[in-house]
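I opened my notebook to look up a few things in this structure, one entry at a time. Here is what I wrote down.

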Amino acid sequence: MEEAEEATTCFQKGLTIIQDFPKELKTKNLLLSSLGNIYFDAGYYDKSMEIYQTMNECCTTDLEKSIALNNISTYYCLIDEKDSTLMFQRKALHYAIASGDPLQIAMSKHNLSLEFDSFDELDSALYYAQSALKGLPKKENHGNYYSNLGDLIFKTGGNKDSARHYLNKSLAELSIEGKST
């Protein structure tokens, strides 16, 4: 509802309350994830990183660990720390695979693709883009995955018809917000 300050206050109150329930790590993890995302979206990257690190410490499942490490990796990519970015994202993929969750696995591979692209390692970016798309469950929206693959095929000098094909497919599946960016 675009009320970031109010949401932040509510999440902080929730974290205070949850301290009385130390066994509720899943709830604490969800509160931390949401609060970290709000800080990140608002541009408070260092504060979001603190929250993501705390979140990582509260994880009890491989899926939760993958989500936390994905967030940490995104922070490092933002500040252009290549080695840390790729290390945390590879760990996120490891935990995603261990969780057996196909969507989380595809998302981790997609994130690796985006991060390799941001560091101009296009062959690795292309590999992970293709792998992510193959593993993405059919029921999920493929728009961003098609767009990324089409863009990478174009950037790497691949078949222009293939690039056009994936970019056109992405337009058919992207949300209105995605089409406007």
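**Entry on Ser66.** I began with what Ser66 touches: leaving aside residues up to four places away in sequence, Ser66 is in contact with Ala92, Tyr95, Ala96, Gln104 and Ser108, where contact means heavy atoms within 4.5 Å. I saw that Ser66 belongs to helix H4, residues 62-78. Helices here are DSSP runs of H or I with at least four residues, strands are runs of E with at least two, and both are numbered from the N terminus. Is Ser66 buried or exposed? It is buried, at a relative accessible area of 0%. I noted the cut-offs: buried is under 20% relative accessible area, exposed is over 50%, and partly exposed is in between, with a 1.4 Å probe and protein chains only. I also found a polar contact of 3.1 Å between the side chains of Ser66 and Gln104. Such a contact is a pair of N or O atoms within 3.5 Å; within protein, one must be able to donate a hydrogen and the other to accept it, and residues adjacent in sequence count only if both atoms are side-chain atoms.

**Entry on the model.** I reminded myself that this is a predicted model, where local features need pLDDT of at least 70 and side-chain atom pairs count only at pLDDT 80 or more, while totals for chains, interfaces and linings use all residues. Residues are numbered from 1 along each chain as its sequence is written, and side-chain values use heavy atoms, with hydrogens and water left out.

**Entry on disulfides.** How many disulfides are there? I got a count of 0, taking a disulfide as a pair of cysteine sulfur atoms within 2.5 Å. I checked Cys58: its closest cysteine sulfur is in Cys59, 7.2 Å away, so that is too far for a bond. Cys58 is buried, with a relative accessible area of 6%.

**Entry on helix H2.** I traced H2 over residues 25-41: it has 17 residues and reaches 24 Å from its first C-alpha to its last, close to the 24 Å expected. The expected span is 1.5 Å times one less than the number of residues. Buried residues in H2 include Asn29, Leu32, Leu35 and Phe40. Which elements cover them? The cover includes helix H1 (4-18), helix H3 (45-58) and H4. Leu30 is also in H2, but Leu30 counts as exposed at 54% relative accessibility. After H2 comes Gly43, with a positive phi near 90°.

**Entry on two aspartates.** I looked up Asp80, in the loop between H4 and helix H5 (82-99). Its phi is near 65°, a positive value in a residue other than glycine, and Asp80 is exposed at 55% relative accessible area. Asp120 is in the loop between helix H6 (102-118) and helix H7 (122-135). Its phi is positive too, near 55°, and Asp120 is exposed at 65%. From Leu30 to Asp120, 90 residues along the chain, I noted 33 Å between C-alpha atoms.

**Entry on the whole chain.** I counted 10 helices and 0 strands in the protein chain. Its radius of gyration is 18 Å, close to the 16 Å that the globule rule gives for 181 residues, so the chain is as compact as a globular protein of that length. That radius is taken over C-alpha atoms, and the rule is 2.2 Å times the number of residues to the power 0.38. Buried residues make up 40% of the 181.
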